[in-house]
Amino acid sequence: MQIAVLGVMIGNRVCLLDTGVKVLLKCEPVDPRSLISGDYVILNYEISSLAKDIYTGPNLNNLKPNDTVYVALEKLINKKYWVAKSFSTDYDTLRKSYPVIMRGTIKDTYSTIRIHYGIENYFVPQNQGLKIEQKMDDISVEISVSDTGESALSRLFISDREVTFY
Amino acid sequence: MISLKKFLKKLRVESPKWISAGIINDSQKNSLLKFYEDEIATKKKTLSIGLPAIIMGLAGVLLCTGIIIFYAANWRSMPPTVKLAQIFFLIILTYGISYYFLIVQNSNILIGRIMMMAGMVSYGAGIALVAQIYHISAHPTNGILAWAIGALALSWVMKEKWGLYLASALFFIWNTWELIEFKNPNYFYIVVPLLFSYLFYKVRGSTGVALMFFAAFFWFYQINLHWIGQIHNNDIETSSLVILSLCHIPLGLIIIGIGWILKKNEILNIPAVIITVSGWLALCVPFLTLSWPIKLPSQYLVFQSGTVYYSIELLLLLAGVAGVIYSLYRNNLDVRMHWGGFIFTTVVCVLPQGNNTIILAAMHVGLFAFLFGLLDFYLADPGRRIERFLSYFLFIAFLVIKGSGLRIIAGAENNEYFIAYCIGFILYGVASFLVNQTVQIRSDNRGYPFRPNIINAACAFAAYFIIYTLSFKVDDQNSVLDAAPSVLFLIFLLIVSSLALYIYLWMRSSNKLLLVLSGIIFFSSSIMLFVSGPGVSWIVYSLLFNILLFVATAIFIYYSTRINSRLLLNFAIAGFVLHVVTRYFDVFWDLMSGAGLFIVTGIIGIAGGWLLEKNRRRLIRNMDQSLGGTA
């Protein structure tokens, strides 16, 4: 049973990475952290903080931490990165207008809405976090987004060059 | 109950006397000694854990820690697929070895169990590894939950106690993480402690059952505090907190009942002690929280707008108490405290709980009734050692809490009622002392063992401490008659109850001296309460309270000679010295230069000490002579 659980976890990720829409996101620098569970770099995206005026769902004031929201992404013409065009608690309405929707969870709702997508941690081999930290200003990641809005980190780039550790 | 070892020691001392008295002969003595020596040896053998087992246990912990750290290191030279293959292999290998030792060979059980634990930890490491490789950070509690379920399933099937501890700890981490990080109240978490209590019971894991009890207790608070967190209205929040506090009476009674019933169970008798103590402590919560002058929003709090959830919870808990009373009846256990708590909570629900005077009076009446019941109800029952210990402990604890609380309120917020608050505490102390005396009379009449001096001494110390506090300079005071009606009513209640108890005790008690001596403190404090007010100079207060402090010290010294208590005498003399030294420095600190003050103080100290010691020794000599004469 335990092997099966691990298998399902791996299968789910492999499937998402293979079949999801590839999206390139611009990162903003945040210091890397290290825990006993392994070193990782905390990634903060431009789409992590959204302005309230692009909210298109019902009753903005009712949004609270831990609510699930859907963020519509769009790649601008002649631009590399995808940006958030709209967000809502209603997936179906967004889906009609936008092809790529990401699911996230609200962390806080102050002047902007801060959202976590579950792709904020990039695990790196021990003591390799520093290398990324030094180039934080020029980092981007490629993620895969499924039809249901689930996302997974696939590749990390520093100055447009993929970072590989293995 | 004395330990077997102590019993054997006693037997060795006593058995020669039995032989001399012709009760047993020499051979019977030897047989008796051998019987108990063998029993102790067998017990030792059963309990002892061999060094190899300890080493293997430690090795198991190191192995599991090593597995976690190894995969957390995320070795650069090892591709993810290799790591995944390794973890799969490790899980299969550890469970395979465990299966071989536990099932196939049925020997080296310890190694088998350690391997099973290593397997469970490898499974957890596998989950962390998948999260690491695929950079999964969304809702990390899901990984913990998956690990906990996996560990639970295997431990349940294999009846593995260590695995149950691991799984229950993981469930607890998952629950707490969900609660704090994701604000999830986790209503269904209660299933975990209930299920694990059953599983631990099946594997005779009494510590596990005790831990699960605390997990269930934690759940009670997490749900209630989550509800309170959802309230954004101050009045409703206060009302809800009052009802939640009241809920602790039926909750405590239910827990106590469960503890008493479980005590009969061979496996659960140790957790039963922990459960019972927790129940008694829970029962104290409303008396601790609601017996202060607090601002409440309305006349009725139960079943008002916004308090429906808590009101229903209170009713359900009261229904639970009814069930517990029924169970206790069936088990021939004492139900007086349960009935008392049930009736008290029901009455408070009917009363306008939002009226500060009523809730304050009700809580003090309830508190004294509770302390009296705890002291009095369980004296005769040899199986109620916990209650007897707690009766002394809680009596003194409440004295300390009330004293410190009132002192803080008086000093911090209501300096103009400083004397009123402090004397209020003296009245509380006198009432406590009188309750204690009442229990003593009842225990004397029934021939039950009771040690009144522990609480008497605590009350005396509390009174001395507060009078000492009052003997310093105090700011201008308001008249106590200008205080809040709730405070006035409480003072009135304490004075009237104390007077009633004095009359009752005067008619019943053979030890009238103690009543007279405590009465001096009671009446003089009560008079001081009404004397204080605007226009009275601090010098008047200081003079009167210093006289009262000397009177109190004299009372303690006198009483110590009457009951021949060296301990009380020494404490009283220490109090006297403290008082004199304090006043000496108060007066002379500003009058003399530093060096002169210390030289004069030293000379006076030596002379005073010599005089004091001389008189102390004389009093002790008199006590010894009096004891010798009596003998």
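**The cavity and its surroundings**

Mentor: Happy to. A search of the whole structure turns up one cavity of 30 Å³ or more. Here, on a 1 Å grid over the protein atoms alone, a cavity is a set of points where a 1.4 Å probe fits but cannot get out, whereas a pocket is an open set with protein on both sides within 12 Å along at least five of seven lines; lining residues have an atom within 4 Å of a point. Before we go in, keep in mind that this is a predicted model, in which local features need pLDDT of at least 70 and side-chain atom pairs count only at pLDDT 80 or more, while totals for chains, interfaces and linings use all residues. As for conventions, residues are numbered from 1 along each chain as its sequence is written, chains are lettered from A and ligands numbered from 1 in the order in which they are written, and side-chain values use heavy atoms, with hydrogens and water left out.

The largest cavity has a volume of about 180 Å³, where a volume is the space filled by probe spheres set on grid points that are joined across faces, edges and corners. It is lined by 15 residues, and those closest to its centre are B:L406, B:Y421, B:G424, B:V487 and B:L490. Two or more lining residues come from each of helix 14 (356–376), helix 15 (385–412), helix 16 (418–446) and helix 18 (485–508) of chain B. (Helices are DSSP runs of H or I with at least four residues, strands are runs of E with at least two, and both are numbered from the N terminus.) By class, eleven of the lining residues are nonpolar, three polar and one charged. In this scheme Ala, Val, Leu, Ile, Met, Phe, Trp, Tyr, Cys and Pro count as nonpolar, Asp, Glu, Lys and Arg as charged, and the others, Gly among them, as polar.

Of its 35 lining residues, B:N456, B:A457, B:A460, B:F461 and B:L568 are the closest to the centre. Helix 17 of chain B supplies the largest share of the lining, 13 residues. The lining divides into 28 nonpolar, seven polar and no charged residues.

Charged pairs come next. Over all chains there are 17 salt bridges, a salt bridge being a side-chain nitrogen of Lys or Arg within 4 Å of a carboxyl oxygen of Asp or Glu. One of them, in chain B, pairs B:R204 with B:E266, with the closest N and O atoms 3.5 Å apart. B:R204 sits in the loop between helix 8 (191–202) and helix 9 (206–230), and B:E266 in the loop between helix 10 (234–262) and helix 11 (269–289), so this pair ties together parts of chain B that are 62 residues apart in sequence. B:E266 is exposed, at 62% relative accessibility; buried means under 20% relative accessible area, exposed over 50%, and partly exposed in between (1.4 Å probe, protein chains only).

In chain A, A:E142 forms a salt bridge with A:R155, and the closest N and O atoms are 2.9 Å apart. A:E142 belongs to strand 11 (residues 139–145) and A:R155 to strand 12 (residues 151–158), so the pair ties together parts of chain A that are 13 residues apart in sequence. At 11% relative accessibility A:E142 is buried, while A:R155 is partly exposed at 31%. Shared partners join A:E142, A:R155 and A:E162 into one salt-bridge network. Another pair is A:R114 with A:D108, the closest N and O atoms being 2.9 Å apart. A:R114 is partly exposed at 34%, and A:D108 is buried at 15%.

Finally, here is how the chains meet. The contact (heavy atoms within 4.5 Å) takes 32 residues from chain A and 35 residues from chain B. About 2,700 Å² is buried between them, with 64% of it given by carbon and sulfur atoms; buried area is the accessible area (1.4 Å probe) that two parts lose on being put together, summed over both. One salt bridge is counted between chain A and chain B. B:E181 pairs with A:K107 in a salt bridge whose closest N and O atoms are 3.4 Å apart.
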